Amino acid sequence: VMSVNGLPNATVVRKPVWEFRLIKAIRHALGLGPKVNEAALNAVHVVRPMIPLNILLVEDNAQNQKLATLILEQVGHTVTIVNNGREALARLGQYAHDLILMDLQMPEMDGMEATRQIRRGDPSALVVSPQIPIIAVTAKTMGEEEKQCFELGMNGYLRKPYRSNELLEVIVKVMRRHPLPARPVVPGAMSLVLKAVELEETVWVQKSLIFLAQFPRCLEALQQAIVSRNEVGVEKFVQRLSELAREIGAWKVSTHALRLRGAVEQKQWEQAEKVLAKLDSHCLEARQALSERGVNP
């Protein structure tokens, strides 16, 4: 946003343009809010994480979801989003994660109750890893709340709004106290299509089979969503496809899925169609690479 007609407040907004960035920049140009601090969003140069993590983000606010995902993905983490504590418990009953970012104020089930059920560790909780590190994220400023979080068994505490370095620093701090067990890398040379991921061979094969079974449906759904200009549909299936691809090391698929989301965020529907075509091609490349490694439906 440049200075126009006497407006003295000039702000630079990086592409792809996220909605929250654009709104803040416009407010600043009109003198209605603080200047957008792009350095605060540029996580790469602030804190380097120890290793990429599989993070479960439990957050009901769409803008907060986008901001956290942007920061975390910039430094190589994989992010799975759920909207409340109940969805988090369902997800944790099926998949293992390395860390949870837990919002405290959510509908249906808040972060406190979700943490209580996770830490119980009994069969009724249906959680794969009841000792998973949990970082509380809240907009409240009550001193007692932080104490309650730690008494419940949470491992870190972060107040909103936060800067990227604050988010990454609390993650590094928590993970230093709760290091992940050593995870062997999938053996065998990887092609230019697939990169090594830290998974047991049998688990990697299982996840690869899931990718092969689901990517055609994701591509079809994305095509329909683009034709109908359905941003919500694109977001849903981009998230799913990107997650499936990252889990098995299909980095081109994951990257182009995120580029598709960026094009749709900017309402560049024709560009989105071109990115989708490349995404389709990369999915077929990944299928061929998996076949060469003996992974077939």
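Start with the whole surface. The protein exposes about 15,000 Å², and carbon and sulfur atoms supply 55% of it. Accessible areas come from the Shrake-Rupley method with a 1.4 Å probe; for residues, only the protein chains shown count as cover.

This is a predicted model: local features need pLDDT of at least 70, side-chain atom pairs count only at pLDDT 80 or more, and totals for chains, interfaces and linings use all residues. Residues are numbered from 1 along each chain as its sequence is written, and side-chain values use heavy atoms, with hydrogens and water left out.

**Whole chain.** Color by secondary structure. The protein has 11 helices and 5 strands. Both are DSSP runs numbered from the N terminus: helices are H or I with at least four residues, strands are E with at least two. Of the 297 residues, 47% are buried. Buried means under 20% relative accessible area, exposed over 50%, and partly exposed in between (1.4 Å probe, protein chains only). Among contacts with a separation of 6 or more, 64% link residues 24 or more positions apart. A contact means heavy atoms within 4.5 Å.

**The sheet.** Select the 5 strands. They form an open sheet in the order β2-β1-β3-β4-β5, with parallel pairing. Two strands pair if DSSP finds at least two bridges between them. Now pick out β2 (78-82) and β5 (156-159). Both stand at the edges with a single partner strand each, so one side of each is left without a neighbour in the sheet. Look along the sheet: the twist averages 20° from one strand to the next.

Zoom in on β1 (residues 54-58). It runs parallel to β2, and 5 bridges join the two. Click Ile 55; its bridge partner in β2 is Val 79.

**Helices across the sheet.** Show α4 (residues 85-92). This helix lies across β1, β2 and β3 (99-103), at about 155° to β1. Next, show α5 (residues 111-120). Helix α5 lies across β3 and β4 (134-138), at about 145° to β3. Axes are lines fitted to C-alpha atoms, for helices over the stretch in contact, and angles run from 0 to 180 degrees between N-to-C directions.

**Asp 98.** Go to the loop between α4 and β3, where Asp 98 sits. Asp 98 is buried, with a relative accessible area of 9%. Its side chain reaches the backbone nitrogen of Asn 54 at 2.8 Å.

**Glu 108.** Move to the loop between β3 and α5. Glu 108 has a positive phi, near 70°, and is not a glycine. Glu 108 is exposed, at 62% relative accessible area.

**Pro 161.** Select the loop between β5 and α7 (164-177), which holds Pro 161. A cis peptide bond joins Lys 160 to Pro 161, with omega about -5°.

**Arg 229.** At 41% relative accessibility, Arg 229 counts as partly exposed.

**Helix α10.** Finish on residues 251-265. The 15 residues of α10 should span 21 Å at 1.5 Å a residue, and the end C-alpha atoms are 21 Å apart, which agrees. The expected span is 1.5 Å times one less than the number of residues. Show side chains: the buried residues of α10 include Val 253, His 256, Leu 260 and Val 264. Then step past the helix to Lys 267, which follows α10 and has a positive phi near 60°.

Methods. Polar contact = N/O pair within 3.5 Å; in protein donor to acceptor, adjacent residues only side chain to side chain.
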